[in-house]
Amino acid sequence: KPAESEVCFGSLPVSRGVLRAAEELGWEEPLEVQSRCLPVIAERADLLCLAPSGAGKTTVLAMACLELLCNSGARLQPAATDASGGF
């Protein structure tokens with residue numbers, strides 16, 4: 001495992017769009033769970049992640065889902081709303 005200070009988002013297997021989103025959110029360095037899990041997910045290997053609250057697990061899941069969407073070629077459509085503005 002590389003030292004946390006040696007890892008940056010740009011060294012992780014994520015697309016430019018996901019990197020740009022991380023930058024826009026002000027994230028400069030990935031958390032340990034992100035730097036350890038994203039490469040495993042990129043290999044499409046099974047993964048079980050146990051970490052305390054606030055460790056970045058949900059972000060790893062979101063980034064992985066975004067990668068799958070970005071790499072699928074799917075085009076996302078805005079959600080339809082009813083007349084009241086709800087879904």
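This is a predicted model: local features need pLDDT of at least 70, side-chain atom pairs count only at pLDDT 80 or more; totals for chains, interfaces and linings use all residues.
1. Within H1 itself, the buried residues are Val18, Leu19 and Ala22. They lie on the same side of H1, because they cover an arc of only 100° around its axis. An α-helix has 3.6 residues a turn, so residues three or four places apart point the same way. The other side of H1 carries the exposed residues Arg16, Glu23 and Glu24. Against which helix do the buried residues of H1 pack? Their partner is H3.

2. The largest nonpolar core has 13 residues, and those touching the most other members are Phe9, Leu12, Val14, Val33, Leu38, Val60 and Met63. Helices H1 (16–24), H2 (32–42) and H3 (57–72) each contribute at least two residues to this core. In soluble globular proteins, nonpolar side chains tend to be buried together.

3. Leaving aside residues up to four places away in sequence, Val33 is in contact with Cys49, Ala55, Gly56, Lys57 and Val60.

4. Ser35 is a residue of helix H2. Is Ser35 buried or exposed? Its relative accessible area is 15%, and because buried means under 20%, Ser35 counts as buried. The side chain of Ser35 reaches the backbone oxygen of Glu32 at 3.0 Å. Again leaving aside residues up to four places away in sequence, Ser35 touches Val7, Leu12 and Pro30. Of these, Leu12 is also named among the core residues that touch the most other members.

Methods: Residues are numbered from 1 along each chain as its sequence is written. Side-chain values use heavy atoms; hydrogens and water are left out. A nonpolar core is a set of buried Ala, Val, Leu, Ile, Met, Phe, Trp, Tyr and Cys residues joined through side-chain atoms within 4.5 Å. Buried means under 20% relative accessible area, exposed over 50%, partly exposed in between (1.4 Å probe, protein chains only). Helices (H or I, at least four residues) and strands (E, at least two) are DSSP runs, numbered from the N terminus. Contact means heavy atoms within 4.5 Å. A polar contact is a pair of N or O atoms within 3.5 Å; within protein, one must be able to donate a hydrogen and the other to accept it, and residues adjacent in sequence count only if both atoms are side-chain atoms. The arc is that of the directions from the helix axis to the C-beta atoms.
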